Amino acid sequence: QVQLVESGGDLVQAGGFLRLSCAASGSIFSINAMAWYRQAPGKQRELVAAITRGGTTNYADSVKGRFTVSRDNAKNTVYLQMNSLKPEDTAVYYCKADLRRSYSDYVRDYWGQGTQVTVSS
């Protein structure tokens, strides 16, 4: 069994910062890409940032220059540093990991349960 557990969500004022963490645990052989998504009320889930095992990153245009994604492969953990937060960043943030549970397994997506980020104006 594989679990992804996010932490770090909170209520913060506009202009503030937060750091989200997501740790993957359980029966894991290897993790490829890891990513952060978010879903605001009444909106579709959207990609925020992603990072490959080798460290290549990509970001949604709305967060470029404000958010930074990083990972610690030894800890199977991905982070999202969020600076200069805006009210429109308010959402539930989910992490996703593309991973294999064994050498013979194929790559599958696993999701965390989400962590709430609320930015007040």
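What follows is a set of questions and answers on the core, the rings and the loops.

Modeller: This is a predicted model, where local features need pLDDT of at least 70, side-chain atom pairs count only at pLDDT 80 or more, and totals for chains, interfaces and linings use all residues. Residues are numbered from 1 along each chain as its sequence is written, and side-chain values use heavy atoms, with hydrogens and water left out.

Biologist: Is Leu18 buried or exposed?

Modeller: Leu18 lies in strand S3. Buried means under 20% relative accessible area, exposed over 50%, and partly exposed in between (1.4 Å probe, protein chains only). Leu18 has a relative accessible area of 10%, so it is buried.

Biologist: Which residues does Leu18 touch, not counting those up to four places away in sequence?

Modeller: Contact means heavy atoms within 4.5 Å. Met82, for its part, has Leu18 among its contacts, together with Phe17, Leu20 and Tyr93, leaving aside neighbours within four places in sequence. By that kind of count, the residues that Leu18 touches are Gly8, Asp10, Val12, Leu80, Gln81, Met82, Leu85 and Val117.

Biologist: How many residues apart are the partners Phe29 and Tyr103?

Modeller: Rings of Phe, Tyr and Trp (its six-membered ring) pair if their centres lie within 6.5 Å; planes under 30 degrees apart count as stacked, over 60 as edge-to-face and the rest as tilted. The structure holds two aromatic pairs. Phe29 and Tyr103 form an edge-to-face one, 6.0 Å centre to centre with 85° between the planes. Phe29 is in the loop between S3 (18-26) and S4 (30-39) and Tyr103 in the loop between S9 and S10, so the pair links distant parts of the chain, with a separation of 74 residues.

Biologist: Over which ring does the charged end of Arg45 sit?

Modeller: A charge sits over a ring if NZ of Lys or CZ of Arg is within 6 Å of the ring centre and within 35 degrees of the ring normal. Arg108 lies over the face of Tyr106, at 4.9 Å from the ring centre. For Arg45, the distance is 3.7 Å from the centre of the ring of Tyr94.

Biologist: Which backbone nitrogen does the side chain of Asp105 reach?

Modeller: Asp105 is in the loop between S9 (91-100) and S10 (108-111). Asp105 counts as buried because its relative accessibility is 12%. At 3.1 Å, its side chain reaches the backbone nitrogen of Arg101.

Biologist: What is phi of Ser84?

Modeller: Asn76, in the loop between S7 and S8, has a positive phi near 50° and is not glycine. Ser84 is in the loop between S8 and S9. Ser84 is not a glycine either, yet its phi is positive, at about 50°.

Technical notes
Helices (H or I, at least four residues) and strands (E, at least two) are DSSP runs, numbered from the N terminus. A polar contact is a pair of N or O atoms within 3.5 Å; within protein, one must be able to donate a hydrogen and the other to accept it, and residues adjacent in sequence count only if both atoms are side-chain atoms.
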